[in-house]
Amino acid sequence: MVGTGSRSQMYQDAIEKTYAAHAHLVGLCDVNLGRVELARERSRSHSSPPPPAYASVDFERMIADTKPDFVIVTTVDATHDDYIIRAMDAGCDVISEKPMTTTAEKCQRVLDAKQRTGRSLRVTFNYRYSPPRTQVKDLLMSGEIGDILSVDFHWMLNTSHGADYFRRWHAHKQHSGGLMLHKSSHHFDLVNWWLGALPVTVQATGKRAFYTPAMARRFGLSGAHERCLTCPETALCGFYLDLAANPGLKSLYLDQELRDGYVRDRCVFRGDIDIEDTMNLLVAYDNGATLTYSLNTFNAWEGYTITFNGTLGRIEHTIVESTYVNGTDTVQGGIAADGVTTRVIPLRGAPRVLTPWTGTGGHGGGDTVMLDEIFLPAAPADPYLRAADERAGTAAILVGIAANRCFATGEQVNVSDFVSAFARPDYAPMPSRTDPLPMPDRAARAV
Ligand SMILES: NC(=O)c1ccc[n+]([C@@H]2O[C@H](COP(=O)([O-])OP(=O)(O)OC[C@H]3O[C@@H](n4cnc5c(N)ncnc54)[C@H](O)[C@@H]3O)[C@@H](O)[C@H]2O)c1
């Protein structure tokens, strides 16, 4: 495994605890050997022999020494392509965290490496596996609301989790690609997979209007500062993060920062941030559907609302998530009590409220289902085809890459401009868009 930060712990715990009979972690690599040593301590706490440690410059030596079947990539987003390609060239299959990568050029290099080496690449889009989101896929596949002509999708991040992206490497596009890649690639993948369709054109606007020095002053601070640890106005700031007070944050980041200069508590209002905090998109799909999408990072609650408008009715689906801060013991993407609402409303007649499918663990139960599929030798066949590879990884990031281009130019962008043709992802069969439809009942009333 390369990248031993917060996310790697999910894979490490899975391999060394839940799936210990099926998998073995043979090597650990990171640019920061302090974090590698913490991961080795974690192995000891699982009563597993700590895997050997490798600095990032010794990645090829790790592969030569330990001969892994798979390399798991959990590094900073902009470095995924480098490790995916080096692992494939060294003869390994790869499991990579999302986003697959952050730019069109890097995406093309990953596609070329896949072609050249024939190795497999799985992009871990865990949101697909969350039971209530799979339930929506099941509904769409059933044809109950007919052909989907448009989708309205609005994702809200609150001022705990949302603000956190402005403190760390995510705040710079050179590391994260901005939130259109880092965060929204999950959401674009969901829509691609839900619709079983590919994006064609993107129009978008994005701005940073909340996490700014001017907003710090409007909230009563003297301005933006460098970081929370040295901030002179901690008592006044509602965004203060005390790294030393949380054992997870302290050991993983504060105690390691002298080795690599990775500061985890930078001021969320500082001027050098170059990602957007407010983004709106209009995306056209190759099946004729259109998507309106927004991502807002300073909201009163965390989660999303999505509506699918079909020729026979509509699905309204909402999830309210619980509060999360990366590196702490809070559950990422956990669902609040009674946080899922899914309704199907026919063109005429009464709405049907669904009992949500449920699961346990991170990302609304998605992590657990996905890990079963990755690590169990005989995972059951999946009618929803949730496993994603480089084709779905590409389709998801191209929307974000196109949106970033729109933010800069104000022009509509063709998604196909960015990479040479890639094969269509495997999507579960969707209802025919040409079959006859039942005429709405004149006697029934619209709600
Ligand atoms: N699927 C999900 O829901 C989900 C959730 C959280 C994070 N993630 C993804 O997981 C990845 C890691 O995120 P995180 O929250 O653990 O971040 P993190 O900052 O906690 O960890 C990143 C790690 O990468 C290491 N690193 C940076 N540059 C490197 C390089 N060139 N070579 C080797 N190591 C390098 C850092 O030292 C650090 O240990 C990201 O790609 C993120 O998008 C996915």
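Predicted model: local features only at pLDDT ≥ 70, side-chain atom pairs only at ≥ 80, totals over all residues.

Residues are numbered from 1 along each chain as its sequence is written, and side-chain values use heavy atoms, with hydrogens and water left out.

**Stop 1: H1 and H14.** Select residues 8-18, helix H1, and residues 366-375, helix H14. (Helices are DSSP runs of H or I, at least four residues, numbered from the N terminus.) Their axes sit 11 Å apart, at an angle of about 55°. (Axes are lines fitted to C-alpha atoms over the stretch in contact, and angles run from 0 to 180 degrees between N-to-C directions.) That makes H1 oblique to H14. (Under 35 degrees counts as roughly parallel, over 145 as roughly antiparallel, 65 to 115 as roughly perpendicular, and the rest as oblique.)

Now show the side chains: Met-10, Tyr-11, Ala-14 and Ile-15 of H1 make the contact with Asp-367, Met-370, Leu-371 and Phe-375 of H14. (Contact means heavy atoms within 4.5 Å.) By class, you'll find seven nonpolar residues, no polar ones and one charged. (Ala, Val, Leu, Ile, Met, Phe, Trp, Tyr, Cys and Pro count as nonpolar, Asp, Glu, Lys and Arg as charged, and the others, Gly among them, as polar.)

**Stop 2: H5 and H15.** Hop to residues 104-117 (H5) and 390-409 (H15), whose axes come within 11 Å and cross at roughly 170°. That makes H5 roughly antiparallel to H15. Look for Ala-104, Cys-107, Leu-111 and Lys-114 in H5, meeting Glu-390, Thr-394, Ile-397 and Ile-401 in H15.

**Stop 3: the ligand.** Which residues come nearest to the ligand? Of the 28 around it, they are Asp-30, Asp-77, Tyr-83, Tyr-253 and Tyr-262. (Near means a heavy atom within 4 Å.) Next, find a ligand nitrogen 2.9 Å from an N or O atom in the side chain of Glu-97. Finish at Trp-169, with a polar side-chain atom 2.9 Å from a ligand oxygen.

Definitions and conventions: Helix = DSSP H or I, 4+ residues; strand = E, 2+ residues; numbered from the N terminus. Polar contact = N/O pair within 3.5 Å; in protein donor to acceptor, adjacent residues only side chain to side chain.
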